[in-house]
Amino acid sequence: MNRQELAAYLTDTYSSIGENLFARYPGFQVFRHKANTKWFAVIMDIPGEKLGLTDAGQVSIVNLKCDPLLIGSLLEEPGIFPGWHMSKAHWISVLLDGSVNSEKLLFLVDISRELTGK
C-alpha cells in the first residue's frame, strides 16, 4: 500500500481527512479523531537515512501509535522502525513501499486508532 492508497483508506474508513499542519512540511498529512483531535496516523516523506536506510533517497512512511508490548517484535520485521520523530516507546514508523503487507498495515492502523481514541 502506498501513501495515496493509505490516505484514501483513512478518509473512506474513518472520515478523517489528512491535514497539513506544518507549513514547512506540506507533504506531512496528519489524521486524527474528530472527537478528541488526537493523532492516530501521520503520513510523510522523509530521507531514508533517518531510518538507517542507506541509498534509499526519500521514503514514504506512516507513524502509528502501538501497544508497547508489541513494538519489540514488530521492529524485527522488515519495513517497521521505531517511531520517527515520536516517542519510540509508543510509536512505530511503517514504510509505505509494500514491504509490509496491506493486511498487517491496516491492522496496525486499527490499533493506533483504538489507542488514541480513549
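## Aromatic rings in a predicted model

Trp-39 has a relative accessible area of 27%, so this residue counts as partly exposed. Keep in mind that the structure above is a predicted model. Let's look at how Trp-39 and other aromatic residues are arranged. A pair of aromatic rings is described by how far apart the centres are and by the angle between the planes. In this model, the count comes to five aromatic pairs.

**Tyr-9 and Tyr-14**

- The ring centres of Tyr-9 and Tyr-14 are 6.1 Å apart and the planes stand at 85 degrees, so this pair is edge-to-face; the angle for that label has to be over 60 degrees.
- Tyr-9 is partly exposed because its relative accessibility is 22%.
- Tyr-14 has a relative accessible area of 17%, so Tyr-14 is buried; the cut-off for buried is under 20%.

**Phe-22 and Trp-39**

- Phe-22 and Trp-39 make an edge-to-face pair, with 6.1 Å from centre to centre and 75 degrees between the planes.
- This pair links distant parts of the chain, as the two residues are 17 residues apart.
- Phe-22 sits in the loop between α1 (3-14) and β1 (29-32), while Trp-39 belongs to strand β2 (residues 39-47).
- With a relative accessible area of 32%, Phe-22 is partly exposed.

**A charge over a ring**

- Arg-113 lies over the face of Phe-40, and the distance to the ring centre is 5.0 Å.

Note on methods
Residues are numbered from 1 along each chain as its sequence is written. This is a predicted model: local features need pLDDT of at least 70, side-chain atom pairs count only at pLDDT 80 or more; totals for chains, interfaces and linings use all residues. Side-chain values use heavy atoms; hydrogens and water are left out. Rings of Phe, Tyr and Trp (its six-membered ring) pair if their centres lie within 6.5 Å; planes under 30 degrees apart count as stacked, over 60 as edge-to-face and the rest as tilted. Buried means under 20% relative accessible area, exposed over 50%, partly exposed in between (1.4 Å probe, protein chains only). Helices (H or I, at least four residues) and strands (E, at least two) are DSSP runs, numbered from the N terminus. A charge sits over a ring if NZ of Lys or CZ of Arg is within 6 Å of the ring centre and within 35 degrees of the ring normal.
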